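The points move from the overall chain to individual residues.

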Amino acid sequence: EVELTCPHCGIFYHVPVLLGCNHSLCLACAATLQEPCSVRPEEEEGCEVDKVSVLSDADSGVSCSSRPTSLVGAPDGGSSAGSSSESSSQSTPVPSYTLVCPQCSAVNKLDDGGVHALPRYKMMETLVDKYRQRCGIAEQCQMCD
């Protein structure tokens, strides 16, 4: 049961999202933890967004963070590795938000979409729903929070 609860709020996950560090949070908790990025690219080297994990929406709930410099769904729509690499080296995406993971303290850099652009952790959502059904636990009303 502990594995099905958010490390921030301590209740069952509601709309879980997957962070770049492969930990998860409720979307609402992630939204409360996100902060505007105060680092400018000229101030800190390597301050770039992991577009693969930010844009991944895999049903398995696993993000692809092994290629942090690749751009999936790049604005120019190109899918060739050569053109994506060249365009990403010329204009490094500036993170708009950061989110510190409450479990490992990793700083997750997010783009303009913030936490709403993080991939949904659908596998965890399914597990929580099945556990609730099996144990007869009703989902807490979001209006009562």
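1. In this predicted model, contacts between residues 24 or more positions apart make up 55% of the contacts in the protein that have a separation of 6 or more.

2. The secondary structure consists of four helices and five strands. Read from the N terminus, the order of elements is β-β-α-β-α-α-β-β-α.

3. The protein has 145 residues, of which 33% count as buried.

4. The largest nonpolar core comprises 21 residues, and Leu19 and Leu99 are the ones that touch the most other members. Two or more residues are given to this core by each of strand E1 (16-18), strand E2 (24-26), helix H1 (27-33) and helix H4 (122-135). The largest share is that of H4, with three residues. In soluble globular proteins, nonpolar side chains tend to be buried together.

5. Which residues does Leu99 contact, leaving aside its neighbours within four places in sequence? They are Leu19, Leu25, Ala30, Leu33, Gln34, Ala106, Val107, Asn108, Leu110 and Val115.

6. Three strands form an open sheet in the order E3-E4-E5, with antiparallel pairing. Strand E3 (35-36) and strand E5 (107-110) are the edge strands, each pairing on one side only. Between E3 and E4 the antiparallel pairing extends over two bridges. Pro36 has Tyr97 in E4 as its bridge partner.

7. Not counting residues up to four places away in sequence, Thr98 touches Leu33, Gln34, Glu35, Pro36, Cys37, Val107, Asn108 and Lys109. Pro36, one of these contacts, is also the residue bridged to Tyr97.

8. His14 is placed in the segment before E1. Its relative accessibility is 28%, so His14 counts as partly exposed; that class lies between the 20% and 50% limits. His14 and Cys29 are separated by 15 residues in sequence, and their C-alpha atoms are 9.5 Å apart in space.

Technical notes. Residues numbered from 1 in each chain as written. Predicted model: local features only at pLDDT ≥ 70, side-chain atom pairs only at ≥ 80, totals over all residues. Heavy atoms only, no water. Core = buried A, V, L, I, M, F, W, Y, C linked by side-chain atoms within 4.5 Å. Buried < 20%, exposed > 50% of the residue type's maximum accessible area, 1.4 Å probe, protein only. Contact = heavy atoms within 4.5 Å. Pairing = 2+ DSSP bridges.
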